[in-house]
Amino acid sequence: MKGRKIDMVEDFQNYLEVERGLSENSIFSYISDVRKFNRFLKKEDALVSVTARDIRAFLRDESRKKLSTSTRARVVASLRQFYGFLEDRKVIRENPMHE
């Protein structure tokens, strides 16, 4: 599963670049946010088995870090884009960002 997790993040990065046409800085930030979330989860298959509760816990943890409002909004947007991407690609059945 570890290889697939990396592929999902790389596939998402390619999607952001090719299909969405985002800037390098935006792509770097989105991928960094997804990887930070994955480290927070501390489980091998975490990115595909995440729940809305996991996301809320992560966002609560991030809010304690005194991040700017725009950074917090970007983190939410990063996860929303990532899980929308996985849902569109049929990697996950339900998008935890919609729960």
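A nonpolar core is a set of buried Ala, Val, Leu, Ile, Met, Phe, Trp, Tyr and Cys residues joined through side-chain atoms within 4.5 Å; buried means under 20% relative accessible area, exposed over 50%, and partly exposed in between (1.4 Å probe, protein chains only). The model is predicted: local features need pLDDT of at least 70, side-chain atom pairs count only at pLDDT 80 or more, and totals for chains, interfaces and linings use all residues. Residues are numbered from 1 along each chain as its sequence is written, and side-chain values use heavy atoms, with hydrogens and water left out.

**View 1. The largest nonpolar core.** This core has 24 residues, and those with the most contacts inside it are Phe12, Phe37, Leu47 and Tyr83. Two or more residues each come from α1 (2-19), α2 (24-41), α3 (46-49), α4 (52-63) and α5 (69-88). Helices are DSSP runs (H or I, at least four residues) numbered from the N terminus. Contact denotes heavy atoms within 4.5 Å. Apart from neighbours within four places in sequence, Phe37 is in contact with Leu47, Val50, Asp54, Ile55, Phe58, Leu79 and Tyr83.

View 2. Rings of Phe, Tyr and Trp (its six-membered ring) pair if their centres lie within 6.5 Å; planes under 30 degrees apart count as stacked, over 60 as edge-to-face and the rest as tilted. By this rule there are eight aromatic pairs. In one of them, the ring centres of Phe12 and Phe82 lie 5.1 Å apart with the planes at 75°, so the pair is edge-to-face. Because Phe12 belongs to helix α1 and Phe82 to helix α5, this pair ties together parts that are 70 residues apart in sequence. Phe12 is buried, at a relative accessible area of 0%, and Phe82 is likewise buried at 0%. The rings of Phe37 and Tyr83 are also edge-to-face, because their centres are 6.5 Å apart and their planes stand at 85°. That pair links distant parts of the chain, with Phe37 in helix α2 and Tyr83 in helix α5, 46 residues apart. Both Phe37 and Tyr83 are buried. Ring pairs link Phe12, Tyr15, Phe37, Phe40, Phe58, Phe82, Tyr83 and Phe85 into a cluster.

**View 3. Helix α2 and the buried Asp33.** Helix α2 has 18 residues and reaches 26 Å from its first C-alpha to its last, close to the 26 Å expected at 1.5 Å a residue; the expected span is 1.5 Å times one less than the number of residues. Its buried residues are Ile27, Ser29, Tyr30, Ile31, Asp33, Val34, Phe37, Asn38 and Leu41. Asp33 has a relative accessible area of 1% and therefore counts as buried. Beyond its neighbours within four places in sequence, Asp33 is in contact with Phe58, Arg74, Val75 and Ser78. Just after α2, Lys42 takes a positive phi of about 60°.

**View 4. Helix α5 and the residue that follows.** Helix α5 comprises 20 residues and reaches 28 Å from first C-alpha to last, close to the 28 Å expected at 1.5 Å a residue. Val75, Ser78, Leu79, Phe82, Tyr83, Gly84, Phe85 and Leu86 are its buried residues. Just after α5, Lys90 takes a positive phi of about 65°.

**View 5. Surroundings of Glu17.** Glu17 is found in helix α1 and, at 47% relative accessibility, counts as partly exposed. Not counting residues up to four places away in sequence, Glu17 touches Leu22 and Ile27. The C-alpha atoms of Glu17 and Ile27 are separated by 7.1 Å, although the two residues are ten apart along the chain.
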